[in-house]
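This report goes through one protein model, from its sheet to its helices and its pocket. Please look over the sequence and the structure before reading on.

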Amino acid sequence: MTSVSIGNLVLESGEVLENAVLAYEWSGKEGGPAVLVCHALTGDQHAIGTEDLPGWWSGLIGPGKAVDTTIFQVVTFNVLGGCNGSTGPLSTNPKTGKAYRSSFPAITIKDMVQAEFQALKELGISHLAAVIGGSLGGMKTLEWGRAHPEFVDIIFPLAVTPAYSDYGIAFNYIGIQAIENDPRFNNGNYSHSSEIKGFEVARMAGMVTYRSGEMFNRRFNRKALANGYDVESYLNYQGQKLANRFDANSYLTLLKAMNTHDVGNEILDVEIFALSFTHDLLYPSELMILWLKSQSHAEWEVVETQFGHDGFLVEFDKWSSSIKQKLENAIVPQPSL
């Protein structure tokens, strides 16, 4: 696993996170314009991946694709507070010599972006052609535009709104309560996340918000199984799958960080191209468009899809060409008329 040390990180709270590191994936054209990719809640740094293990955005990034790796170099960090190599609850607290677990400090979206800003400087990247990300990654993308407009040419926030809605906070609260009130959570001192049924329930609650009701109804069609309904089996599978690969303390850390997202009263001094997706319960397009209309340099599209919030992870043929055009226009000087 490849990682970069960023030293001590002063958090928005004033607390200092000592000896912080961020794990990353770095690929594409050496020396080309740099693109930073930001992953969603339970994603990781493997946006591109390998031929054997394609990454979560391999449909968008690669040779000849929307983010063309024959033109751009592409960096993706595992988010601060994550559990795939970056400093988070599983990391050793240098003050105690033990894992942070639930004592890991509260972090914000601003903290995540500041950590990545420091990491890019450590990697020798002094400017970004673009930042692109969806959901939690979209929050970070907007924060990049707010905090470091001089550092980036264009931002691509996908499946996000300028502030996290009360509806979204409500679902996060359900997840937080399900985990923290499970006796097996044991105040964060569990042996493995797979022990925590409340973690599975939290994931189930989230899954219901990621796709449209019509897609759920069409896919499952009230199909009955021997011990219940097909949709119940699907939710059980998704809950168990996440609990087996992700850390519950990290999940809580990131949910709480998402709740801090708010650039709703800001005018960003950077070019913005945003994508929203129909039937996105968590990040309705109308909220994003209303804010984008107040911005000086903003364009947007609304993608028709039954996938709802998950639209930014699928159906690349519907929207990737817009990303490709805007991204390449941002770095190729236009001829004078």
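## Two paired strands

Strand β3 (residues 34–38) and strand β9 (residues 128–134) run parallel and are joined by 4 bridges. Strands and helices are DSSP runs numbered from the N terminus (E, at least two residues, for strands; H or I, at least four, for helices), and two strands pair if DSSP finds at least two bridges between them. Val-35 stands opposite Ala-130 in β9.

The model is predicted: local features need pLDDT of at least 70 and side-chain atom pairs count only at pLDDT 80 or more, while totals for chains, interfaces and linings use all residues. Residues are numbered from 1 along each chain as its sequence is written, and side-chain values use heavy atoms, with hydrogens and water left out.

## The sheet

β3 and β9 belong to an open sheet of 8 strands with mixed pairing, in the order β1-β2-β6-β3-β9-β10-β13-β14. Its edge strands, β1 (3–10) and β14 (298–303), each pair on one side only. On average, neighbouring strands of this sheet are turned by 20° against each other, direction ignored.

## Helices across the sheet

Helix α1 (residues 109–122) lies across β1, β2 (16–28), β3, β6 (73–77) and β9, and runs at about 130° to β1. Helix α9 (residues 316–331) lies across β3, β9, β10 (152–158), β13 (271–277) and β14, at about 170° to β10. Axes are lines fitted to C-alpha atoms, for helices over the stretch in contact, and angles run from 0 to 180 degrees between N-to-C directions. Contact means heavy atoms within 4.5 Å.

## A buried methionine

Met-139 lies in helix α2 (residues 136–147). Met-139 counts as buried because its relative accessibility is 0%; the cut-off for buried is under 20% relative accessible area, with exposed over 50% and partly exposed in between (1.4 Å probe, protein chains only).

Leaving out residues up to four places away in sequence, Met-139 touches Ile-109, Val-160, Tyr-164, Met-258, His-261 and Tyr-283. Met-139 and Val-37 are 102 residues apart along the chain, and their C-alpha atoms are separated by 12 Å.

## The largest pocket

The largest pocket is lined by 39 residues, of which Thr-42, Arg-203, Tyr-210, Arg-245 and Leu-313 lie nearest its centre. A pocket is an open set of points on a 1 Å grid over the protein atoms alone, where a 1.4 Å probe fits, with protein on both sides within 12 Å along at least five of seven lines; lining residues have an atom within 4 Å of a point. α4 gives the most to this lining, with 7 residues.
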